[in-house]
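Good morning, and thank you for the time. I would ask everyone to look at the sequence and the structure together as I speak.

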Amino acid sequence: MIITQFTLASLVCCLADRAISGQALWTNRSYCFNCGHPLAWYDMIPLLSAPMLKFRCRNCSQTFTSVPEWLFFEGLFPLMMLTIPFQWSPAYFLHFFLLFLAREDSQKERAHTDIVWLLTPYFLFFNEGLAHDEPVFILLKVFFLTLNFPLMYLQKMGVGDFPVFVLAAIMFDGVAFTNFIFTSTFSTLIFVPLMIKKRKMPFLPFLLFSWIITELI
């Protein structure tokens, strides 16, 4: 199971990198996006190959990921998934879809989050998060989601983050949703000083981290 989680995380990140860069998902073997050089099998070992290559292409020396991204996407995420019991359910595989979106956001500061809207009707009808909510928590969820609109208008929050918040409001009950918001906000604030040189900071990785933490609490 350990090998499976690390392999799945690496595969999802590879597909996300291709998708957000407009590359074909399945037609070609893995290659460097900068020089097009095909990667050997020993360049694609999950978790190990990136640091062995010093996070650069063996052929052109172009950086293909950063240390924080490698630690989170190929290290922390698989380890966190090991703590969640495996289930053949959409809710379980939703984690990997969120990983896909988070990886896209970290690479290009945009993601295919429109697809989330296609998933919301299913989870709205088959998930019990809203069913267990007291009216006060439902009102708090609506109030929080409404606050997102001025933030998006002022460009303080990406439009692509909103569908994930809506999905979280559906998936989690009131207490868990509150924990989700607190964890995502707190974890983001911790990393703000490290991202001071960037005008924008990808938020979806923090939402993914907070999603799993909320499930484990």
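Where is the place of Leu 47? Leu 47 sits in the loop between α1 and α2 (49–52); helices here are DSSP runs of H or I with at least four residues, strands are runs of E with at least two, and both are numbered from the N terminus. Before I continue, please note that this is a predicted model, in which local features need pLDDT of at least 70, side-chain atom pairs count only at pLDDT 80 or more, and totals for chains, interfaces and linings use all residues. Residues are numbered from 1 along each chain as its sequence is written, and side-chain values use heavy atoms, with hydrogens and water left out.

To return to Leu 47, its phi is near 75 degrees, a positive value in a residue other than glycine. Leu 47 counts as partly exposed because its relative accessibility is 25%; buried means under 20% relative accessible area, exposed over 50%, and partly exposed in between, with a 1.4 Å probe and protein chains only. Glu 109, in the loop between α4 and α5, also has a positive phi, near 60 degrees. Glu 109 is partly exposed, at 35% relative accessibility.

The largest nonpolar core has 48 residues, of which Phe 165, Phe 180 and Trp 211 touch the most other members. Such a core is a set of buried Ala, Val, Leu, Ile, Met, Phe, Trp, Tyr and Cys residues joined through side-chain atoms within 4.5 Å. Among the elements that give two or more residues to this core are α7 (161–171), α8 (174–191) and α9 (204–216). Leaving aside neighbours within four places in sequence, the contacts of Phe 180 (heavy atoms within 4.5 Å) include Phe 165, Leu 207 and Trp 211.

Thr 188 belongs to helix α8. Is Thr 188 buried or exposed? Thr 188 is buried, because its relative accessible area is 12%. With the same exclusion of sequence neighbours, Thr 188 is in contact with Met 201, Phe 203 and Phe 206.

Finally, the lining of the largest cavity. By class, this lining has eight nonpolar, no polar and no charged residues, where Ala, Val, Leu, Ile, Met, Phe, Trp, Tyr, Cys and Pro count as nonpolar, Asp, Glu, Lys and Arg as charged, and the others, Gly among them, as polar.
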